[in-house]
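Please look over the sequence and the model before reading on.

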Amino acid sequence: MTDTYKCAWCGRHFEKSASSKFLSGASMGISNLGKKYCSASCKSASEVPKQSIVTSKSNNSHHRYINEDNDLDLKLEEARLEHEQKLLEDKLSHERKMAEKKQKHELRLENIRSASEAIEKINQLDLGGDKPILEIISRQLEFCLTLASSFTSETFDVGGMKNLFNNAVFAEEKEKFNQSEKVVNAAIKKAELGLNKLRLCEPQDKAMNFYNLYKEQLNDSKIKQIERKWDHKVLEAKPPAWLMILCCMMLPLQLFVIYKLIELNVILPKKRKAELSQIK
């Protein structure tokens, strides 16, 4: 056993004190274990790095907590912005739907109003009153037949099976078609009355020439009306191609396909031909 210690900080050898020598001999060198320092300054210097490490760990932990708090704040802010964006989109979508609904309602009212005004104008025609006059009846007949021809030229998307998954569109188009039919029916009925009065006008030869001319135009309007009506019935009865193919793949549903083909190619054309043959 030596009588000196080695400083754990600076490495300098310094002599043991009397008490240290006694403890070293009594403890058989056990008291020599551990770090020894030659002075209080060396001991203080050795403790500074430990404090720096503890302080560094504490600062790192503090920064980590701050960073975590910042990340949480950012996530909360992003969630808030996304929620506000969704609310704004929902509001705009609702306003757009309400605007479209209002526009459709206004168009529907306008269509009904237009049809009602046309029917009212037709009903106001007096066809010359009690004393039929050729020029007045001719002018009013011209108005009725022109109006009927104009409305029978309109087209509507009334394919019921085509709009199988869009009943709203089908209902709107069907209503427009019905309003158009009301105007055409009113115009044709008034024209028929005008033709009957035309026979009573003078001079007879000129009146009959007008009668034959307007009779032909009236029949053309009736034929167009019937053809349009049956075309729409065919569209309503005609199933889409994908449904026909699907039914053909299933044996029990093949009867449905057969019935539809018979209805479209035999039953409906016969009814249409019979109605057209009634026009003289």
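**Helices, surface and pocket**

Q: In which helix is Gln 225 found?
A: The model considered here is a predicted one. Within it, the helix that spans residues 204-237 contains Gln 225. That helix is α5.

Q: Is Gln 225 buried or exposed?
A: The relative accessible area of Gln 225 is 10%. A residue counts as buried when this value is under 20%. Gln 225 is therefore buried.

Q: Which residues does Gln 225 touch, not counting residues up to four places away in sequence?
A: Contact requires heavy atoms within 4.5 Å. With residues up to four places away in sequence left out, Gln 225 touches Thr 152, Glu 181, Val 184, Asn 185 and Ile 188.

Q: What is the area of the nonpolar surface patch that includes Ile 267?
A: Ile 267 lies in helix α7, residues 254-277, and is partly exposed, with a relative accessible area of 32%. Leu 255, Ile 258, Tyr 259, Ile 262 and Val 266 make the patch together with Ile 267. Its area is about 540 Å².

Q: Which helix gives the most to the lining of the largest pocket?
A: Among the residues that line the largest pocket are Lys 101, His 105, Arg 108 and Glu 172. Both α2 (40-123) and α4 (167-198) supply at least two residues of this lining. The helix that gives the most, with 7 residues, is α2.

Q: What is the volume of the largest pocket?
A: The lining of the largest pocket also includes Asn 111, Ile 112 and Lys 176. The volume of this pocket is about 270 Å³.

Definitions and conventions:
Residues numbered from 1 in each chain as written. Predicted model: local features only at pLDDT ≥ 70, side-chain atom pairs only at ≥ 80, totals over all residues. Heavy atoms only, no water. Helix = DSSP H or I, 4+ residues; strand = E, 2+ residues; numbered from the N terminus. Buried < 20%, exposed > 50% of the residue type's maximum accessible area, 1.4 Å probe, protein only. Patch = residues over 30% accessible without salt bridge, like charges linked within 9 Å, V, L, I, M, F, W, Y side chains within 5 Å. Areas by Shrake-Rupley, 256 points an atom, 1.4 Å probe, with all protein chains shown as cover. Salt bridge = Lys/Arg side-chain N within 4 Å of Asp/Glu carboxyl O. 1 Å grid on protein atoms, 1.4 Å probe; cavity = no way out; pocket = protein on both sides within 12 Å on 5 of 7 lines; lining within 4 Å. Points joined across faces, edges and corners; volume = space filled by probe spheres on them.
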